[in-house]
Amino acid sequence: MALFEEFERESSELIENIVYINRVTKVTKGGKNLKMSVWVVVGDGNGRVGIGHGKAAETPEAIQKALRRARKNLKQCVIKNGTLPYEVIVKEGASEILLKPAAPGTGIIATQAVRAVLEAAGYQNVLTKSLGSNNPINLMKATFKAVTSLVDPERIIKERGLNPEKVLRRFGRVTKASESTTN
């Protein structure tokens with residue numbers, strides 16, 4: 001019973017956003033079969049985000065299925081000062097998305113599907129550009145793939161055994177005062 005209560009508490013803290021609802025009609029010998037297809041994004045606004053797809057005869061059932069799958073699919077992403085640590089381009093299907101870090105106060109400049117993923121993850125300042133198809137499902141998948149594929153630059157520096165001051169100067173994270181003291 002404690003596990004169920006923990007799951008309920010965690011799910012109440014998540015940001016849930018319906019990205020795309022589609023009515024699918026299948027014509028058969030007996031008539032038309034109507035089904036609903038729903039894509040949702042779920043995140044905690046603090047570096048965890050997931051996407052889910054649900055199909056059912058009724059819209060509320062499809063939404064519940066999609067939310068359940070999105071909660072199962074939660075993955076960690078890297079946030080540095082409310083933005084991305086570096087620029088990334090990802091392709092999913094015919095859609096290609098460019099995500100760039102932005103200065104504080106810029107906000108999220110993106111389409112509805114991309115914005116849903118970035119806001120659920122907890123990003124506040126990101127510039128985006130759709131380079132291929134603007135299909136919302138593929139854009140959402142590409143953004144999810146891009147955000148979850150990001151790696152912390154400090155971790156990369158440590159693994160490669162590089163000088164942190166020299167590398168991070170490129171990203172504007174080292175001040176001039178600390179540069180003059182290290183020389």
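Mentor: What follows covers the secondary structure, the sheet and its helices, and the cores. This is a predicted model, in which local features need pLDDT of at least 70 and side-chain atom pairs count only at pLDDT 80 or more, while totals for chains, interfaces and linings use all residues. Residues are numbered from 1 along each chain as its sequence is written, and side-chain values use heavy atoms, with hydrogens and water left out.

Trainee: OK, how many helices and strands in the protein?

Mentor: Seven helices and eight strands. Those are DSSP runs numbered from the N terminus: helices are H or I with at least four residues, strands are E with at least two.

Trainee: And what share of the residues is buried?

Mentor: Of the 183 residues, 36% are buried, meaning under 20% relative accessible area with a 1.4 Å probe, protein chains only.

Trainee: What's the strand order in the open sheet?

Mentor: β1-β2-β3-β4, with antiparallel pairing. Two strands pair if DSSP finds at least two bridges between them. The edges are β1 (15-28) and β4 (75-76), each pairing on one side only.

Trainee: Which helix packs on the sheet and touches β1, β2 and β3?

Mentor: Helix α3 (residues 112-121), whose direction makes about 140° with that of β1. Contact means heavy atoms within 4.5 Å. Angles run from 0 to 180 degrees between N-to-C directions, and axes are lines fitted to C-alpha atoms, for helices over the stretch in contact. Helix α4 (residues 136-149) lies across β1, β2, β3 and β4, at about 150° to β3.

Trainee: Switching topic: how many residues are in the largest nonpolar core?

Mentor: It has 30 residues, and Val41, Leu99, Tyr123 and Met140 are among those with the most contacts inside it. A nonpolar core is a set of buried Ala, Val, Leu, Ile, Met, Phe, Trp, Tyr and Cys residues joined through side-chain atoms within 4.5 Å.

Trainee: What is Tyr123 in contact with?

Mentor: Beyond its neighbours within four places in sequence, its contacts include Cys77, Ile108, Leu118 and Val147.

Trainee: Last one: how many bridges join β5 to β6?

Mentor: Five, and the two strands run antiparallel. Ile89 stands opposite Leu98 in β6. The hairpin of β5 and β6 has two residues between the strands, and Gly93 takes a positive phi near 65° there.

Terms used:
Buried < 20%, exposed > 50% of the residue type's maximum accessible area, 1.4 Å probe, protein only.
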